[in-house]
Amino acid sequence: MKAWNTWERVLLALLVVLLAVFGATQTGFMSVDTLADSTFNFSEKGLLALAIALLIVCGEIDLSIAAILALSSLAMGYSMRAGLGPWGIAAAALLTGVVAGAFNGLLVTRYKLPSIVVTIGTLSLYRGLALVALGDQSISGYPEVFSTLGNAYLGEVIGVRWLVVPIEFVLLCVFALGVGLVLHRTIMGRRIYAIGANPVAARFSGIEADRYRFLLFVFAGLMAAIAAILLTGRIGSTRPNIAMGWELDAITMVILGGVAIEGGRGSIVGTMLAVLLLGLFTFGMGMANVTGIVMSMVIGVLLIVSMVLPRLLKRNGRKGAHA
């Protein structure tokens, strides 16, 4: 197992400090039930962050991922109205996510368009479709299984009542483990790093960069669809503004986790530590009745620090090595 880098140790230390501060100032924060409930605050965003992490490591980005979530939720609503059962509703969401992600990937790889420009455009397109289709209405009345996925604890499902871990968080951990193994332990992962670090050299070494980029955009769409199934089940409805602005939250988690915005560097361990850090931070601030605008300001500062501090640590490390 690769040793944790300096930034990951910093994140772990910050997480410990955060738990200590909120544990001391907010009554009940450190209880098992409260910590379990806090994971509902960030599990779906964590799924988006995993996909964004892979894309940024590869030198790309997807600003439309939350809009794909909204479009997938809309597909769930329409398929339910059409009389489909739970499996059909879930399949509609997954298919919508994959197609939307593939469309992004096609524009980036075949037509050589910058991913940031493409996904700004498709963000407006996908979100606009959801807004036009729903207006100020919502779709509710989903089968009970979706509410179970979004709100239940694993212990309730398997009959172990003391296991108060939300199903959503379990799924996030499973996907994080899978994505981490692919990125850090497979040839595909090494090639993703190579493409992000130097796309020209990767192409000359025989790596089919466009194929990997396309697959990562499809994967981002798939993760958005899975998040849509969980979020729609958790809130019990499809709404036109569902997951509004979540793409920025996911990107903040990824950058705070140490993934280099220019590509070629980063880890899933760091990303998950940042997901936990930001998720618990916003939950604790909510318990303290801190307003949303103040939380946004603090998160913005954290994002800037997360981009500047690793570079300072790296520069000091180089100076120490030459001393």
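In the predicted model, helix 13 (residues 246-256) packs against helix 14 with the two axes 7 Å apart and at an angle of about 125°. Because angles from 65 to 115 degrees count as roughly perpendicular and those over 145 as roughly antiparallel, this value makes helix 13 oblique to helix 14. The crossing of these two helices is right-handed. On the side of helix 13, the contact is formed by Thr 252, Met 253, Val 254 and Leu 256, which meet Thr 271, Ala 274, Val 275, Leu 277 and Leu 278 of helix 14. When these residues are sorted by class, the contact of helix 13 with helix 14 comprises 7 nonpolar and 2 polar residues, with no charged residues.

Helix 14 (residues 268-287) is also approached by helix 1 (residues 6-25), the axes of the two coming within 10 Å and crossing at roughly 20°. Since an angle under 35 degrees counts as roughly parallel, helix 1 is roughly parallel to helix 14, and helix 1 passes helix 14 in a left-handed crossing. From helix 1, the residues Glu 8, Leu 11, Leu 12, Leu 14, Leu 15, Leu 18, Leu 19 and Phe 22 take part in the contact, and their partners in helix 14 are Val 269, Gly 270, Leu 273, Ala 274, Leu 276, Leu 277, Leu 280, Phe 281, Gly 284 and Met 285. By class, the contact of helix 1 with helix 14 has 15 nonpolar residues, together with 2 polar and 1 charged. Ala 274 and Leu 277 of helix 14 are listed in the contact with helix 1 and also in the contact with helix 13.

A further helix pair is provided by helix 5 and helix 6 (residues 115-134), whose axes come within 9 Å and cross at roughly 145°, helix 5 passing helix 6 in a right-handed crossing. Here Ala 100, Phe 103, Asn 104, Leu 107 and Val 108 of helix 5 meet Ser 115, Val 118, Thr 119, Thr 122, Leu 125 and Tyr 126 of helix 6, and the contact of helix 5 with helix 6 contains 7 nonpolar and 4 polar residues but no charged ones. Helix 5 (residues 86-109) also holds Thr 96, and a polar atom of the Thr 96 side chain lies 2.8 Å from the backbone oxygen of Ala 92. Apart from residues up to four places away in sequence, Thr 96 touches Leu 71, Ser 72 and Ala 75.

The structure holds 6 aromatic pairs. In one of these, the ring centres of Phe 40 and Tyr 153 are 5.9 Å apart and the ring planes stand at 75°, so the pair is edge-to-face. Phe 40 is located in the loop between helix 2 (32-38) and helix 3 (43-57), and Tyr 153 in the loop between helix 7 (144-151) and helix 8 (154-158), so the pair ties together parts that are 113 residues apart in sequence.

How values were computed. Residues are numbered from 1 along each chain as its sequence is written. This is a predicted model: local features need pLDDT of at least 70, side-chain atom pairs count only at pLDDT 80 or more; totals for chains, interfaces and linings use all residues. Side-chain values use heavy atoms; hydrogens and water are left out. Axes are lines fitted to C-alpha atoms, for helices over the stretch in contact, and angles run from 0 to 180 degrees between N-to-C directions. Helices (H or I, at least four residues) and strands (E, at least two) are DSSP runs, numbered from the N terminus. A crossing is left-handed if the near helix is turned anticlockwise from the far one by less than a right angle, and right-handed if clockwise. Contact means heavy atoms within 4.5 Å. Ala, Val, Leu, Ile, Met, Phe, Trp, Tyr, Cys and Pro count as nonpolar, Asp, Glu, Lys and Arg as charged, and the others, Gly among them, as polar. A polar contact is a pair of N or O atoms within 3.5 Å; within protein, one must be able to donate a hydrogen and the other to accept it, and residues adjacent in sequence count only if both atoms are side-chain atoms. Rings of Phe, Tyr and Trp (its six-membered ring) pair if their centres lie within 6.5 Å; planes under 30 degrees apart count as stacked, over 60 as edge-to-face and the rest as tilted.
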